[in-house]
Amino acid sequence: MSETSPKLRAALDGIPTYRPGRAASLASAPGAAPAPTPYKLSSNENPYPPLPGVMEQAIATAGSLNRYPDMACTALVEELADRFGVPPAHVATGTGSVGVAQQLIQATSGPGDEVIYPWRSFEAYPIITQISGAASARVPLTPGDALDLDAMAAAINEHTRLIFVCNPNNPTGTIVHRAALERFLDRVPSDVLVVLDEAYCEFVRDPEVPDGVEIYRDRPNVCVLRTFSKAYGLAGLRVGFAVAHEPVAAALRKTAVPFGVSQLAQDAAVASLRAEDELLGRVGCLVTERARVLAALRDQGWTVPETQANFVWLRLGEHTDDFAAACEAAGAIVRPFSGEGARVTIGETAANDVFLQAAAEFRKAL
Ligand code: PMP
């Protein structure tokens, strides 16, 4: 028997690992009363539990878990096509929008190619790019933590295959306006795919932020990514989708993991679309909370970029890890990016209060 291990692709060497937002668990001192469960404000999840109707549908579908799901996601695709006024052939589903993003890279990019994305942005971009063997071209954010579309356009070269535009941007919450996006898109060659990652679009209230689905209609090289994980509150079910012209949508069907989206996810997503008014009402409450949290942080003396997503960004630099530890000790788990800043999800009012109190105390001690 040989001593060598199976040959793995060199592209996997040094790949960054995805760090999920830490879960809620606090160790208490031996003999002490159990510590209260802290609030998890680290993964941009929706704090509301599933709506009763969505839950009932999921439970009903669970009765058929011995069966494979509908591989084509027919009912969900039709519901989405109807909802957005696009042909069903332009809708492609996947295991969360991160799954669809990975398929888009698989379909467009490999060794010798380049993928452009802003940085810092969604932490899966470098991972899924590197897995493909393509090179990353990271374009730094502006000093105000927004996407630098001019620099992104300047980074395009003959190797570029795909560009991510994260709007609003994770983790900074900053946005790109319609006019600036259109100007940028005019500069992108028509054989380069632009992915408008709109995971948080339902939280946007700024009317100058475009709806990617309107932008895609006249632009065959634009693909819109959306998810049921945030506003629709189904993060645990893993379902997202893209709206794109052929041949991009067809490429997504080719690269899909067969039966990747469970029937539970499909049926719960359809039920959620049908309960959209109620779900978007909850989003409205979170948007109100967002304004309250932002104002309170600024009152405390923090400089916080305007956010249109369900989180806020504090550029804490060297204080980031201490800040995260202080929040955790107070009962709120945030998402630190060591040496850069912390992203804090807008949760239920009580959770936001715990976070605000911790932020105030940390600020005083600075
Ligand atoms: N895009 C962005 C910008 C995100 O922040 C996230 C979730 N963190 C995703 C995509 C992926 O979400 P999901 O796979 O749950 O749809």
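This is a predicted model: local features need pLDDT of at least 70, side-chain atom pairs count only at pLDDT 80 or more; totals for chains, interfaces and linings use all residues.
**Entry: around the ligand**

I started with the ligand's neighbours. There are 13 residues around the ligand, and Ser97, Asp197, Tyr200, Thr227 and Ser229 come nearest. Which helix gives the largest share of this shell? I found that helix H3, residues 96-108, supplies three residues of it.

Next I looked up some N and O atoms facing the ligand. Asp197 has a polar side-chain atom 2.7 Å from a ligand nitrogen. Lys230 also reaches a nitrogen atom of the ligand with a polar side-chain atom, at 3.3 Å. With Val98 the backbone is involved: one of its N or O atoms lies 3.0 Å from a ligand oxygen.

How much of the ligand does the protein bury? On its own the ligand exposes 400 Å², and the protein buries 94% of that. I then checked where the ligand sits, and the place is the largest pocket.

**Entry: Ser272**

I turned to one serine, Ser272, which belongs to helix H9, residues 263-274. Is Ser272 buried or exposed? I put it down as buried, because its relative accessibility is 1% and the cut-off for buried is under 20%.

Then I asked which residues Ser272 touches, leaving out those up to four places away in sequence. My list reads Val54, Tyr232, Leu234 and Leu279.

Technical notes:
Residues are numbered from 1 along each chain as its sequence is written. Side-chain values use heavy atoms; hydrogens and water are left out. Helices (H or I, at least four residues) and strands (E, at least two) are DSSP runs, numbered from the N terminus. Buried means under 20% relative accessible area, exposed over 50%, partly exposed in between (1.4 Å probe, protein chains only). Contact means heavy atoms within 4.5 Å. A residue is near a molecule or strand if one of its heavy atoms lies within 4 Å of it. A polar contact is a pair of N or O atoms within 3.5 Å; within protein, one must be able to donate a hydrogen and the other to accept it, and residues adjacent in sequence count only if both atoms are side-chain atoms. Accessible areas come from the Shrake-Rupley method with a 1.4 Å probe; for residues, only the protein chains shown count as cover. On a 1 Å grid over the protein atoms alone, a cavity is a set of points where a 1.4 Å probe fits but cannot get out, and a pocket is an open set with protein on both sides within 12 Å along at least five of seven lines; lining residues have an atom within 4 Å of a point. A molecule sits in a cavity or pocket if more than half of its atoms lie within 2 Å of its grid points.
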